[in-house]
Amino acid sequence: DVALSPDGSRHDLLLLTKQPQRAAAFASWLKTQGVNWPENVWLGVSITSKTSLPRIGHLAKVPAAHHYLSIEPLVGDPELTVSHVQGIVDWMIVGGESDQGQRAARPFHVEWAEKVIDLGQKTGVAVFV
């Protein structure tokens with residue numbers, strides 16, 4: 001309701017989840033209620049390494065006008081391919097992990113970020129580091 005309200009529709013709302021299958025189920029439920037996914041609500045999914053890649057398939061099932069990947073904290077080579085992003089993703093955000101006081105940040109390997117940047121250049125997907 002907020003996204004579709006006169007005040008809410010003035011803004012782009014970016015949702016980020018680690019559970020895109022729940023967002024897909026919610027989008028399906030909205031459809032049964034006669035409500036389309038709001039055009040101003042972007043949906044993103046967290047990717048930390050190649051083990052998170054199945055989340056992209058669930059993300060693609062949500063009829064959001066814009067999808068994005070938050071590839072942070074990047075703790076392993078995400079092994080993203082053209083088929084993971086082209087025609088699905090509008091943005092990719094890459095980041096590392098900061099020191100958390102008692103526990104040191106896990107290493108950030110620049111070559112992993114460079115692979116994402118290269119993929120963005122090949123596919124025309126915007127990449128923010």
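User: Which residues line the largest pocket?

Analyst: The model is predicted. About 180 Å³ of space lies in its largest pocket. The lining is made up of Asp1, Ala3, Leu4, Leu13, Leu15, Phe26, Trp29, Leu30, Val35, Trp37, Pro38 and Val41.

User: How many residues of the lining of the largest pocket are charged?

Analyst: Asp, Glu, Lys and Arg count as charged. Of the lining residues, eleven are nonpolar and none is polar. The number that are charged is one.

User: Which element supplies the largest share of the lining of the largest pocket?

Analyst: Strand E1 (13-17) and helix H1 (20-32) each supply at least two residues of this lining. The largest share is three residues, and the element that provides them is H1.

User: Is Ser28 buried, partly exposed or exposed?

Analyst: Ser28 has its place in helix H1. Buried requires under 20% relative accessible area, and exposed requires over 50%. Ser28 has a relative accessibility of 44%, and therefore it counts as partly exposed.

User: What is the value of phi of Glu79?

Analyst: Glu79 also lies in the loop between E3 and H3. At 41% relative accessibility, Glu79 counts as partly exposed. Its phi is positive in a residue other than glycine, with a value near 50°.

Key
Residues are numbered from 1 along each chain as its sequence is written. This is a predicted model: local features need pLDDT of at least 70, side-chain atom pairs count only at pLDDT 80 or more; totals for chains, interfaces and linings use all residues. Side-chain values use heavy atoms; hydrogens and water are left out. On a 1 Å grid over the protein atoms alone, a cavity is a set of points where a 1.4 Å probe fits but cannot get out, and a pocket is an open set with protein on both sides within 12 Å along at least five of seven lines; lining residues have an atom within 4 Å of a point. Grid points are joined across faces, edges and corners, and a volume is the space filled by probe spheres set on the points. Helices (H or I, at least four residues) and strands (E, at least two) are DSSP runs, numbered from the N terminus. Buried means under 20% relative accessible area, exposed over 50%, partly exposed in between (1.4 Å probe, protein chains only).
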